Amino acid sequence: MPYSPPHPLLRGALPRALLAATALAFPGSALAQQAPAAASAVELPTISVQAAPGGSLTVPSESQERANIELTPGGAEVVGAMTWDDTQAKTIKDMLDFVPGVFAQPKWGEDTRLSIRGSGISRSSHLRGIQLFQDGIPLSSVDGGGDFQEIDPTAFQYVEVFKGANGYQFGANALGGAINFVTPTGRTASPFEARFDIGSFGFYRLQASSGGAQGAFDGFVTGSWLTQEGFRDHSAGENTRGSANFGIQLNENLETRFYLNATNVNQQIPGAVSKTVALNSPQTANPTNVLLNYQRNIESVRLANKTTALLSDTTKLEAGVFYTNKDLNHPIFQVLNYNYEEYGAFTRLVDERSIGGFNNRLVLGINYGTGTTDAKRYNNVAGIAGALAYWSNDSATTTTYYFEDHFYLAPNFAFVGAGQFLTASLDRTAFYKAVSGGNDYNLFLPKGGFVYEMAPGAQVFGNVSRSGEIPTFSELTDFGSVVIGNLKAQTATTVEIGTRGRQPTYSWDVSLYRSWVQNELQCQDPGNTQGLTCTVVNLGSTIHQGLELGFGVQVLKDLFTPGPITDSIWLNVAYTYSDFYFDNDPVWGNNRLPGIPPHYLRAELLYKHPSGFYAGPNVEWVPVAYYVDDANTLDTSPYALLNFRTGYDNGKGPAVYLDARNLLNVNYIASVSVTGRASPNQALFEPGNGRSVVVGTRFKF
């Protein structure tokens, strides 16, 4: 018989409460227009494998995903686009800055240094330790690397963040977890929407999108153009990005959706400088970067398909394929001309049924990816490719088999068991001044945990898990040599416990974790490439532990407009405590791991009026300096930034906003490269932006 689980998470009680809470917290917002005055007015499916009425089988609504993500026995969060829509929203930092546990700092252009729970804290360029997905489709490179310049914040309706090993349900296995970017469809998007932004440092952006549905067909198209001179010298950039998806509902139980992403990015790189320069002359570029005209220029095209089938009232099957072609022109110490060609396939089954009188939710999946990189490097002649200096063909293949099962011992208590098996092969074929070689990796990564609903909309959770990361090709390559390295995979055992909940006037999200890490992959800057290349080593035993605390509370209401829909002041806080250190290392003892602050706080006090007007200050605070080398001899400097934003958005007509940052024009260090033992004037520091103001408008019909 059809399965109708009594557990409120699976029945949609939580999405109803969330929509009602959103209506109170954000009166006048687009989402609030969808929220009912009473929770009982919302009709959501009783089976989470199904689509919301009139929605897409392939792309769940934000409320559906909030319900699904609450099944996670650890830190996880859904961030809606309303969080960043009315800001300058240029980087992933703007999207995730109020997610506790996430440390994201701007570098130049749209590039960002991102870490979750200390993942890839030594990486000053490119991404490692976090796996990216778009609508559940793998987005990261096959070898585990990634970039942010191809991610356009204006193109997504919400983002899911799975911290640590909590991304098992997607097959993610990295220490930092997984991030899933979710696009609108023609069934949820406006027929036409556009925005225009202008601001400090020569910032301009135009963006437009269109969506619609006709019978079984729907489509969504968006495109943006952005240019900026940049705060620092030699940091100008221009990019054009577009994406689209087209869906066909073959019947009520079967949908297929096609995706297209295209990017053209041209970006100068100002480079890291010494601490003295960063704090006293932050607009100064590294002289070497100017002399050799450091840049990162990307042209990429990505095609994908995802097909979703409801095999029964309780079982959903997803399957798809993807293909990426990317050209990188990257003048640094040499001119890197790399062509990446990758493709893969995936399948995922979700089954919810009663077993022996107990409710059960099972996820099974396989992710497969393979690709090649035609890697050529030339002598750099003022940013122009000179004589060929290196040529190889790199190939990578990874396959992840995974499962996750929720077994409900009681209607409000689920035991969660999960596991992954990762197999990876990286091979290099040498053509010129290189040496052929390769490495193979096999990892089994189990997990156990629980989710307990202590009251409606309030949970306690915990887990013990294993994570594993293979080295990327860039990490296997010591640029001072031509031989592929023999690095071990990084593994970790993590214990986590926490609680989360949401009510109409307050919410909270708290996680405590401790990770015992083996063979941590650390990128040590050699001192002559400003962190863009590095020597990667395996550390011994290290500890990553911390506290992630987020909450929002309505501190005042009925200030000027008493009534059923009133004005209010909200306090939103995201605090991250990171205690990362060597564990009796033979060289570094119990020194702190470099590269991330022990304390990071984001807080906002925002007035909201039911008409759609809002205004308030927010702060970014790093109260304690952090080290940039394993020897703990050189550190950054504490800082506090005061920001302010205001605007008007009633969810119907035009919206306008003003986003002012670093109002006190503080000189501060936003990002760093790390090394083993730093010299006092080593170029390891990336200054943050000075005072800036951006204004913008959005309209739709």
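**Exercise 1. List the residues that L114 is in contact with, leaving aside its neighbours within four places in sequence.**

Solution. Step 1: in this predicted model, the contacts of L114 include I92, V102, F103 and A104.

Step 1: L114 is among the residues with the most contacts inside the largest nonpolar core, together with L96, I179 and F181. That core has 23 residues.

Step 2: find where the core comes from. Two or more residues each are given by helix 5 (92–96), strand 2 (102–106), strand 3 (112–116), strand 6 (158–163) and strand 7 (177–182). Helix 5 supplies the largest share, three residues.

As background, nonpolar side chains in soluble globular proteins tend to be buried together.

**Exercise 2. Decide whether Q134 is buried or exposed, and state which residues Q134 touches.**

Solution. Step 1: Q134 belongs to strand 4 (residues 131–134). Step 2: its relative accessible area is 4%. Buried means under 20%, so Q134 is buried.

Step 1: beyond four places in sequence, Q134 touches L139, F156, N180, F181, T183, Y259, N261 and R302. F181 in this list is also one of the residues with the most contacts in the largest core.

**Exercise 3. Give the strand order of the open sheet that holds five strands, and explain which strands stand at its edges.**

Solution. Step 1: the order is 1-6-7-4-5, with mixed pairing. Step 2: strand 1 (76–80) and strand 5 (137–138) each have a single partner strand, so one side of each lacks a neighbour in the sheet and these two stand at the edges.

Step 1: Strand 5 pairs with strand 4 in the antiparallel sense, over two bridges. Within this pairing, F133 has P138 as its bridge partner in strand 5.

**Exercise 4. Trace the pairing from strand 29 to strand 30, then from strand 30 to strand 33.**

Solution. Step 1: five bridges link strand 29 (residues 639–648) with strand 30 (residues 655–661), in the antiparallel sense. Y648 lies opposite V656 of strand 30.

Step 1: the two strands make a hairpin with six residues between them. In its turn, G651 has a positive phi of about 80°.

Step 2: strand 30 also runs antiparallel to strand 33 (residues 692–700), to which seven bridges join it. Here D659 stands opposite V694 in strand 33.

**Exercise 5. Which residues make the nonpolar surface patch of about 540 Å²?**

Solution. Step 1: the patch is made by F196, I198, Y204, L206, W225, V693 and V695. Step 2: strand 8 (193–199), strand 9 (203–214) and strand 33 each give two or more residues to the patch.

Step 1: take Y204 as an example. Y204 sits in strand 9. Its relative accessibility is 37%, so Y204 counts as partly exposed.

**Exercise 6. How many helices and strands does the chain have, and what percentage of its residues is buried?**

Solution. Step 1: the chain has eight helices and 33 strands. Step 2: of its 701 residues, 61% are buried. Step 3: the exposed surface comes to about 24600 Å², and carbon and sulfur atoms supply 60% of it. Step 4: among contacts between residues at least 6 apart in sequence, 66% join residues at least 24 apart.

Note on methods
Residues numbered from 1 in each chain as written. Predicted model: local features only at pLDDT ≥ 70, side-chain atom pairs only at ≥ 80, totals over all residues. Heavy atoms only, no water. Core = buried A, V, L, I, M, F, W, Y, C linked by side-chain atoms within 4.5 Å. Buried < 20%, exposed > 50% of the residue type's maximum accessible area, 1.4 Å probe, protein only. Helix = DSSP H or I, 4+ residues; strand = E, 2+ residues; numbered from the N terminus. Contact = heavy atoms within 4.5 Å. Pairing = 2+ DSSP bridges. Areas by Shrake-Rupley, 256 points an atom, 1.4 Å probe, with all protein chains shown as cover. Patch = residues over 30% accessible without salt bridge, like charges linked within 9 Å, V, L, I, M, F, W, Y side chains within 5 Å. Salt bridge = Lys/Arg side-chain N within 4 Å of Asp/Glu carboxyl O.
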